[in-house]
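Hi,

Here is the structure I promised to pass on. Have a look at it first, and my notes follow below.

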Amino acid sequence: MDRIKNHPILGDLPERRLVNFTYDGKEMKGYEGEPIAAALRVNGVMVHRYTKKRQEPRGVFCAIGRCTDCVMVVNGKPNVRTCITPLEEGMVVQTQYGASAREEK
């Protein structure tokens with residue numbers, strides 16, 4: 001998936017530095033400062049967490065930080081809203097299961 005390079009209202013968007021991060025142990029690349037959720041989407045990741053009771057998949061819903069569908073474990077911290085958290089070099093991003101980074105049984 002391509003990123004927007006020329007926006008009809010904002011015009012040409014500035015180049016950003018490409019950084020490395022991991023998602024569930026897989027090396028990925030994204031642009032520094034873009035929302036983690038955007039970097040994941042470009043890399044084909046749609047599911048960010050699974051609900052505690054029914055283990056239903058969730059992903060980006062509101063994309064403005066109001067809901068909690070996009071929360072993930074980031075650098076060991078659960079419940080990080082990835083739609084509003086900027087990507088940084090070396091971040092460790094994990095799928096969230098309930099309130100943790102491990103599947104709950």
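**What I found**

Of the 105 residues of the protein, 33% count as buried, where buried means under 20% relative accessible area, exposed over 50% and partly exposed in between (1.4 Å probe, protein chains only). Before you read on: this is a predicted model, in which local features need pLDDT of at least 70 and side-chain atom pairs count only at pLDDT 80 or more, while totals for chains, interfaces and linings use all residues. Residues are numbered from 1 along each chain as its sequence is written, and side-chain values use heavy atoms, with hydrogens and water left out.

The protein has 1 helix and 10 strands, in the order β-β-β-β-α-β-β-β-β-β-β from the N terminus. These are DSSP runs numbered from the N terminus (helices: H or I, at least four residues; strands: E, at least two). The C-alpha trace spans about 50 × 25 × 20 Å along its principal axes.

As for contacts (heavy atoms within 4.5 Å), take those between residues at least 6 apart in sequence: 39% of them join residues at least 24 apart.

One residue I'd point you to is Glu34, in the loop between strand E4 (26-31) and helix H1 (36-42). Is Glu34 buried or exposed? Glu34 counts as buried, because its relative accessibility is 4%. Leaving aside neighbours within four places in sequence, Glu34 touches Arg3, Arg16, Ala39, Thr85, Pro86 and Leu87.

Cheers
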